[in-house]
Amino acid sequence: MEQYALDQLKSIATVSPTCKRLEMTWRGRLERWAESLEGSPRPFLKTLHETEYQPMADRLALRADGTPISVAFADPMLRAAGMENDSYGEAKRFFELGDEQLHDLVCFCHFGERVSAAVVARRLRKMAGCKPNGFFAQLRAFFG
């Protein structure tokens, strides 16, 4: 099955939303991503290479089929909640994660070429249990 970002679809078809966006909390989005990973037919997923060394524009555009991020994008509930594509930048925006947090979930340097979907799900559940409190902690997480 081919998947397209909303912007790509708009260039080839008239797209009109027929339903209201699904409201999900930050914790709810992370939990749903973890559930998607636990239900993934692929027990091992691809990682992204050297996310921390990429120039920001390249980092935000990083994507590959078969990654933890692409599993999230394949979930209809997460798409209904506003996830627009399976890029690193979109995962960062949609899941409200800092670079360090996302790096800990999907980068090659932590896992090698492949990562267990179950391991990423456990890390997501741990993150979901502790969102930074306070203005400066949230700024650090956002720019991290």
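This is a predicted model: local features need pLDDT of at least 70, side-chain atom pairs count only at pLDDT 80 or more; totals for chains, interfaces and linings use all residues.
Of its 21 lining residues, Gln3, Asp65, Ser70, Phe73 and Asp86 lie closest to the centre, a handy set of names to pick out when viewing the structure. The element that gives the most to this lining is helix 4 (residues 68-74), with 4 residues.

The axis of helix 9 (residues 117-128) and that of helix 2 (residues 26-38) come within 8 Å, with a crossing angle of roughly 165°. Angles over 145 degrees count as roughly antiparallel, and helix 2 and helix 9 are therefore roughly antiparallel to each other. Their crossing is left-handed. On the side of helix 2, the contact is made by Trp26, Arg27, Leu30, Glu31, Trp33, Ala34, Glu35, Leu37 and Glu38, while helix 9 brings Ala117, Val120, Ala121, Leu124, Arg125, Met127 and Ala128. Sorted by class, the residues of this contact are 11 nonpolar and 5 charged, with no polar ones.

Helix 9 also meets helix 7 (residues 99-106), and here the axes come within 9 Å and cross at roughly 155°. This angle makes helix 7, too, roughly antiparallel to helix 9. Gln101, Asp104 and Leu105 of helix 7 make the contact with Val120, Arg123, Leu124 and Met127 of helix 9. By class, 4 of the residues in the contact of helix 7 with helix 9 are nonpolar, 1 is polar and 2 are charged.

Technical notes:
Residues are numbered from 1 along each chain as its sequence is written. Side-chain values use heavy atoms; hydrogens and water are left out. On a 1 Å grid over the protein atoms alone, a cavity is a set of points where a 1.4 Å probe fits but cannot get out, and a pocket is an open set with protein on both sides within 12 Å along at least five of seven lines; lining residues have an atom within 4 Å of a point. Helices (H or I, at least four residues) and strands (E, at least two) are DSSP runs, numbered from the N terminus. Axes are lines fitted to C-alpha atoms, for helices over the stretch in contact, and angles run from 0 to 180 degrees between N-to-C directions. Angles under 35 degrees count as roughly parallel, over 145 as roughly antiparallel, 65 to 115 as roughly perpendicular and the rest as oblique. A crossing is left-handed if the near helix is turned anticlockwise from the far one by less than a right angle, and right-handed if clockwise. Contact means heavy atoms within 4.5 Å. Ala, Val, Leu, Ile, Met, Phe, Trp, Tyr, Cys and Pro count as nonpolar, Asp, Glu, Lys and Arg as charged, and the others, Gly among them, as polar.
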